Amino acid sequence: MNGTVTVLDRGPVRIHSYMSPADTFHATTQLIETPARIVAIDAQLDPAYADEAVAYARGLGKPLDRLIITHGHPDHYNGADRFGVPVHVLPQVREQIAARPAAQLPSGLVVPATDLPSSVDLTPGTEMIDGVLFVFETVSGGEAADELVVKLPDQGVLVAQDLVYHDVHLYLGNDDIDGWQRAIDTLAAETAFDTVLAGHGLPSGPEVYAEIRRYLTDARELLGDDGEAYKKAIVDRYPSYAGPFIIDVANRSLFGAGH
C-alpha cells in the first residue's frame, strides 16, 4: 500500500483514516466502520489511491454502504466511481462539480469532467446509520464554496475534511481567508469533540485549529500579487509541511494559468 491508514477505536465504531502519499498532498478518505457496514467519506484525487482505500475497506469484511462527498474539489471526488456504491452529496456541491471542466494538473494527472451520475441528494440534519448517530452540517465559504462537515457526537469525532489540514500546506484557491477563519472559529467552539479528522493529513485533536489560524494569518501577510513569491515565502515559513505542489494548484486560480 502506498497510502497509510490510522485506526481509531470508538466503542462500536472504528474509524479508518486512509491518507494518500505526499504526491497528492496527503488527501484522506475516512472509512467509518459501524457494527455491520462501512460509510466512506471522500474519494481521493488519484484513482489508484481510491482503489487502495476501497481494497482496504473490502478487507474489513463488511459491505460499503455509501460514499459521501464533502465538497467540489477533485481530490475528494475524482475516484468516486471506484467505490461502486451510491454517492451522497449536497445538491449545491453536485452542481459545482458538474460545472468544473476537464483539467490536467501540473503533475500531469488528468481530471475528467463529471456530474456524478446517479448520485443521491444529501440533506443536512441527523441520520441513524446502523445504530450510529451521524450529524451532517454545511459550511459556506472558506476552503471551498460549500463544504459538508460530518459529526459523530457519541464518539466525540468531528470529520472536518478540508476545513482542516494537518501539517500540509493549505489550498487558498477559493480566495476566502476570512470565511475560512470564521469556519475554524465555529468548529473550535465545538468542545465536545476530542478528535478532528482532516481532509489532508493525519487525525488530530482540537489543537489543530490554532495551527490553521496561524497559517491563515501568515498567508494573509505573505499573499501579494506574485504567486511564486508567495509560494517561496510560505514554504520557507513552514518547511516541514507536505504538499507544496498544492500551492501551485491554488496559484493557478488566484493568479492565472501562468503560475
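Residues are numbered from 1 along each chain as its sequence is written. In this predicted model, local features need pLDDT of at least 70 and side-chain atom pairs count only at pLDDT 80 or more, while totals for chains, interfaces and linings use all residues, and side-chain values use heavy atoms, without hydrogens and water.

I begin with the pockets. A pocket is an open set of points on a 1 Å grid over the protein atoms alone, where a 1.4 Å probe fits, with protein on both sides within 12 Å along at least five of seven lines; lining residues have an atom within 4 Å of a point. The largest pocket holds about 410 Å³ of space, the volume being that filled by probe spheres set on the points. Its lining comprises 22 residues, with Pro-74, Arg-100, Leu-105, Tyr-171 and Val-249 nearest the centre. Strand 13 (157-165) and helix 6 (245-255) are the elements giving two or more residues to this lining, and helix 6 gives the most, with 4. Helices (H or I, at least four residues) and strands (E, at least two) are DSSP runs, numbered from the N terminus.

The second largest pocket has about 250 Å³ of space. Among its 14 lining residues, Asn-78, Ala-80, Asp-81, Thr-114 and Leu-116 are closest to the centre.

I turn now to the helix pair. In helix 4 (residues 208-222), Tyr-215, Asp-218, Ala-219, Glu-221 and Leu-222 meet Tyr-230, Ala-233, Ile-234 and Arg-237 of helix 5, contact meaning heavy atoms within 4.5 Å.

Methods. Axes fitted to C-alpha atoms, helices over the stretch in contact; angles between N-to-C directions.
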